[in-house]
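Here is a short briefing for a reader who is new to this structure. The notes after the structure are grouped by topic.

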Amino acid sequence: MIFFSIGLPGRLAQLCEAIIEVLASTSGGSVGRLAWPSLDHMLGYHHLNLPLDELALHLIRDNCTHLVIGARQPDDGLRQALAEANSRFIVVLDDPRHAVADLMAETGAESRAVTRAVANSCPLLMRYAAMPGTLPIRPSDAEDIRKLAAAVAHHLQLPVDDAMLMQLAVDPAIAELRNAGGTAAMPSQISDAERRTLDGALAPYAECFAGAPMGRLLWTRDLFMIVGNAGTTLSEPLEAAGGARYLTYGPYIHLPPGSWNAQVVLGFSQDTAGHTFLIDACADRQIAATSFQPEGAGIYTIEINFSLGEPSGHGLEIRVMVVSERARGQIAFGHVVLTPVALRHPDAAQADQQDFRAVLAL
Amino acid sequence: MLEFTIGLPGPFGTWCAAVVARLAGPTAGPLPVISANTLDQISRSLIGRGTSQAVISPREPSGRLRAELSAAGRRFIVSTEDPRAVFGHLVANGLDARETVRAVASSCAAVIGCIDAPGALTLRADWEGLDPLAAAAAIASHLGLPANEAEIAPILDDLARDGIVPAGENWTTFWAELGEAERAMALGAIAPYLRAFNGEAFEPLSWAPLLFTTGEEPGQPVLGPIDITGRARCLFRGPDILVPPGAWSLWLGLSFSTEAVEHEYLVEISGCAGASSISVQPERPGQLQGRVDFIVDETADEPISIRFMSRRAAFDGILTLITATVAPRPDAPETATRG
């Protein structure tokens with residue numbers, strides 16, 4: 001059997017996969033585990049295109065009887081394959097901030113990269129959570145391992161008895177992972193600025209996973225990059241002089257499909273007055289843009305609206321460009337507030353067709 | 001747990017896969033047999049069936065799948081059988097002759113590279129297939145499946161009751177009843193593999209015009225002279241057949257009318273390493289032959305497709321495709337050889 005666990009790259013997902021592994025082993029034969037994609041891949045800047053090849057490759061190399069797949073950035077191709085097969089799977093709706101803490105502890109990667117990796121998984125998970133065949137698992141479910149294991153076994157149609165549930169409850173490896181279900185402590189080295197970045201990019205997803213509507217996201221300047229100096233953050237003002245060019249770009253983070261409003265907060269010095277700047281949004285191509293001329297020194301909020309389809313490619317990018325060749329002065333990058341205007345429901349395409357048929361009496 | 005049986009889409013290939021499915025299957029029943037050629041197809045099929053245990057039976061295994069099997073040190077079964085028999089078997093079962101030639105020829109091209117691959121046990125229909133019990137025992141032994149002859153015999157009886165036997169119907173009778181053009185089309189594209197399966201030198205493949213389609217009407221075979229009148233366009237394309245990895249020469253035999261000689265043409269070949277193309281300017285009317293060299297690398301999965309195009313509009317002119325012959329280049333650094 002192949003068992004899919006769709007979840008963020010944190011310990012709650014690992015806990016669920018460990019439980020499935022133990023449960024599957026009672027069916028006889030060996031059990032393999034595949035975390036997909038690799039953490040290196042998640043932390044890099046790659047296209048969101050998970051070839052299903054990995055599944056067959058693992059079975060060829062490992063030759064296991066059963067396979068537990070922990071899908072961390074499950075794309076639409078896998079979603080369609082699972083939907084067509086009416087597959088049963090679990091969706092682990094961990095608090096994304098806990099997943100960041102786990103991932104930082106596991107990899108030692110910087111918080112910006114980890115926040116981005118987890119933020120890229122969140123909109124994908126939302127699509128799976130709404131599918132039939134899903135068993136959603138939340139952090140509170142991990143408080144009672146026996147109950148959690150029984151629910152997972154029942155949903156995945158795996159045989160289980162009281163003795164096995166008892167064994168799982170006292171399994172030291174399971175017990176260690178179980179801590180993921182509670183209050184994950186942030187790494188001590190995380191700064192207040194990093195915490196703001198984390199909360200801004202991920203807290204709305206945590207609320208959404210808990211049942212609330214999708215709220216506003218805040219991308220702090222720490223998620224963005226300076227053209228020609230990608231390694232540094234935007235903590236200092238940028239010089240406008242130097243000809244027409246892009247100043248900032250990033251963060252390459254996926255959003256749930258739908259219509260969005262982005263408020264880009266920028267600070268301008270007096271010398272920039274009368275010069276033209278361009279703010280655009282790209283999702284592998286430019287999808288919205290607006291030009292702006294500051295009248296004088298001050299903080300300005302520039303708005304752009306755009307629509308996004310299913311997450312694909314590199315994710316969303318917001319760029320700031322100097323248009324005037326002779327621009328002068330300084331620009332400070334504040335943050336970007338992203339407000340969902342209308343989110344596309346996962347089964348909207350089917351509903352659309354039904355509506356058309358009803359209206360047109362087809 | 002996956003087992004692999006690679007073979008042509010004929011009776012012997014089907015029998016080998018069915019034997020492995022029963023030998024490797026749990027007592028509840030045989031494993032499912034999945035016909036998938038690429039890693040992606042295998043993954044999708046497994047998700048669709050909700051299983052991680054199956055017999056994968058690719059008819060045209062992709063280069064990457066072949067490479068991964070070897071790299072993983074996996075043992076697998078390769079079956080070969082007379083491609084003419086496979087063609088006869090499939091056409092007798094109602095498949096279109098042209099599509100069957102494409103399928104069998106492509107299968108031969110993909111399978112031939114597996115015969116001597118590490119981990120392969122190669123079984124021939126005209127040799128091991130004559131003793132099914134011994135063949136099944138060899139399969140079990142090679143794959144490490146626990147079964148002795150006393151257990152295998154009833155499995156083979158069950159398969160026979162279901163009509164799954166190593167040899168199909170007598171294809172020579174069918175072959176005799178086939179039309180001359182279809183017989184020539186099939187023989188040219190698939191018969192050279194019969195000798196190659198035996199380890200003999202690879203003879204040139206001959207692709208009949210019937211395997212090509214007119215440029216403007218997909219699916220319409222080239223049945224005779226092609227009128228080049230009109231805008232610059234693709235005049236014919238095909239045959240969309242896999243060729244084994246190696247260095248090859250394509251020889252195109254064409255006939256041009258006087259008016260057609262005035263024009264320049266472009267021959268493009270896809271499915272090979274890089275894109276091979278060559279401009280053609282006939283020097284005189286009548287029959288001419290031109291050569292294009294190309295290389296198929298080990299990981300190539302795309303069939304060879306030739307596109308013959310006019311480069312500018314023509315008011316008049318006729319050309320006729322006479323032959324398309326593909327021969328290995330023995331002088332090239334990558335020579336097409338078995339394995």
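**Helix α5 of chain A**

The model is predicted, so local features need pLDDT of at least 70 and side-chain atom pairs count only at pLDDT 80 or more, while totals for chains, interfaces and linings use all residues. Residues are numbered from 1 along each chain as its sequence is written, and chains are lettered from A and ligands numbered from 1 in the order in which they are written.

- Nine of the twelve residues of α5(A) are buried, so this helix is largely enclosed by the rest of the structure.
- A residue is buried if 20 or more other C-beta atoms lie within 10 Å of its own, exposed if 12 or fewer, and partly exposed in between, with C-beta atoms placed from the backbone.
- The buried residues of α5(A) include A:Pro96, A:His98, A:Val100 and A:Met104.
- Helices (H or I, at least four residues) and strands (E, at least two) are DSSP runs, numbered from the N terminus.
- A:Gly108 follows α5(A) and has a positive phi, near 75°.

**Helix α4 of chain A**

- A:Leu78, A:Ala81 and A:Leu82 are buried in α4(A), which covers residues 76–84.
- These residues cover an arc of only 95° around the axis, which puts them on the same side of α4(A); the arc is that of the directions from the helix axis to the C-beta atoms.
- An α-helix has 3.6 residues a turn, so residues three or four places apart point the same way.
- On the other side of α4(A), A:Gln80 and A:Glu84 are exposed.
- The buried residues of α4(A) pack against β1 (2–7), β3 (66–71) and β4 (89–92) of chain A, together with α2 of chain B.

**Contact between the chains**

- 18 residues of chain B are in contact with 22 residues of chain A, where contact means that the C-beta atoms of two residues, placed from the backbone, lie within 7 Å.
- On the side of chain B that touches chain A, α2(B) gives the most, with eight residues.

**Domains of chain B**

- Chain B is divided into domain 1 (2–172) and domain 2 (203–328), with bounds that come from an automatic or database domain assignment.
- The centres of the two domains of chain B, taken over C-alpha atoms, are separated by 35 Å.
- 15 residues of domain 1 of chain B are in contact with 15 residues of domain 2 of chain B.
- α5(B) gives the most to the side of domain 1 of chain B that touches domain 2 of chain B, with eight residues.
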